[in-house]
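Subject: Structure for you to look at

Hi,

Here is the structure I promised to pass on. Have a look at it first, and then read my notes below.

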Amino acid sequence: MTELPVIFNPVADRGRAASRKEELEKELEKLGIKPLFSLTTRPGEATEIARGLVREGAAIVAAAGGDGTLNEVAQALAGTNTALGIIPLGSGNDFLRSLVGDVDLQKALQCLREGKPTPVDVGEANGRFYLNSLGMGIDGQIAEDFIRWKFLRGELGYLWAALYEVARFRPFELRVRSDAGDFTIPGLMVSVMNGSHTGGGFHLAPGASLTDGALNFVAIRHYPRIFRVPILLKVRAGKHLELRGVKTTPVRWVEARTDRPLRVYVDGELLPRTAELSVRVHPGALLVVL
């Protein structure tokens, strides 16, 4: 039976992941995999555990949790020969959805046995790696609401938080420099996506690829509140790129400045509020078992 280090986040999916550990162990053993569990107890611990496993020469380190757990593990694995295995137990699991098109636990576990390490791109925002999504502005505030309101869960919960911010979020001045050009607009949101989906299924960056050596920049200019709900629904369905107030382009690096500090999220995890954001891509910097 093959041994596999598994960094397990018991508080993923609002704490529901903890009850699935025994089920996960049984399913992995059916596949001939003996999981060597390391349970996390605090933010940042997954990175520390993963760094230790990299030093020990682990070929694969699996992360059992949501996008935030994957993000923490990736901080240690990016730029190394240790591959990331994905066990989706979170609320959103958008990185896996962006990679393979859906979220299926059984398929993901099967991949741990049959898959091969594949290089994927990694983003870096203000010195922190991210795998899938970055948002600043209304989407960063939506992420904060979703995390703070413990009763929210999954795509429906994200949608409720989005409707709340649609009614109250104030626009900001957005100044952008990038390898694709410069501009200034009154902004509602700015995202720099590596994958295609965020917020448990919102199709924010249609056509985005995790292996093209570029990130997808998406900015939506300020709209009056009466127009925001239809725009939100278009974003959810991936039909917003046709709107006149949407700017999107592939970028290798981008710098954004705003007239007030705003909440930023990466892979569903909150970063400190800031008025200055510097983002770049690291092509093929992470091995993922696919």
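Predicted model: local features only at pLDDT ≥ 70, side-chain atom pairs only at ≥ 80, totals over all residues.

Sorted by class, the lining of the largest cavity has 14 nonpolar residues, one polar and two charged. If you want to find the place by its elements, look for α6 (138–148), α7 (154–168), β9 (183–193) and α8 (225–237), which each give two or more residues to that lining. Helix α8 gives the most, with four residues.

The largest pocket has a volume of about 900 Å³. It is lined by 36 residues, with A12, G68, I147, G268 and E269 nearest its centre. Here α3 (67–77), α6 and α7 are the elements that supply two or more lining residues, and the largest share, four residues, comes from α3. What is the class make-up of this lining? It divides into nine nonpolar, 18 polar and nine charged residues.

The second largest pocket holds about 170 Å³ of space. You can pick out its lining residue by residue: T2, E3, L4, P5, G32, I33, A59, I60, L112 and R113.

On to the aromatic rings. There are three aromatic pairs by the count. One of them is F8 with F37, an edge-to-face pair with 5.8 Å centre to centre and 90 degrees between the planes. This pair links distant parts of the chain, since F8 is in strand β1 (residues 2–8) and F37 is in strand β2 (residues 33–39), 29 residues apart. F8 is buried, because its relative accessible area is 1% and buried means under 20%.

Another edge-to-face pair is F169 with F172, at 6.3 Å centre to centre and 85 degrees between the planes. Are these two buried or exposed? F169 counts as buried at 6% relative accessibility, and F172 is buried too, with a relative accessible area of 2%. F169 also has a charged neighbour: R260 lies over its face, 5.5 Å from the ring centre. Elsewhere, K247 lies over the face of F183, at 4.9 Å from the ring centre.

D94 is buried, with a relative accessible area of 4%. Which residues does D94 touch, leaving aside its neighbours within four places in sequence? D94 is in contact with D67, N132, H197, T198, G199, G200 and G201.

That's my tour. Enjoy looking around!

Cheers

Key: Residues numbered from 1 in each chain as written. Heavy atoms only, no water. Buried < 20%, exposed > 50% of the residue type's maximum accessible area, 1.4 Å probe, protein only. Contact = heavy atoms within 4.5 Å. Phe/Tyr/Trp six-rings, centres within 6.5 Å; stacked < 30°, edge-to-face > 60°. Lys NZ or Arg CZ within 6 Å of the ring centre and 35° of its normal. Nonpolar A, V, L, I, M, F, W, Y, C, P; charged D, E, K, R; others polar. 1 Å grid on protein atoms, 1.4 Å probe; cavity = no way out; pocket = protein on both sides within 12 Å on 5 of 7 lines; lining within 4 Å. Points joined across faces, edges and corners; volume = space filled by probe spheres on them.
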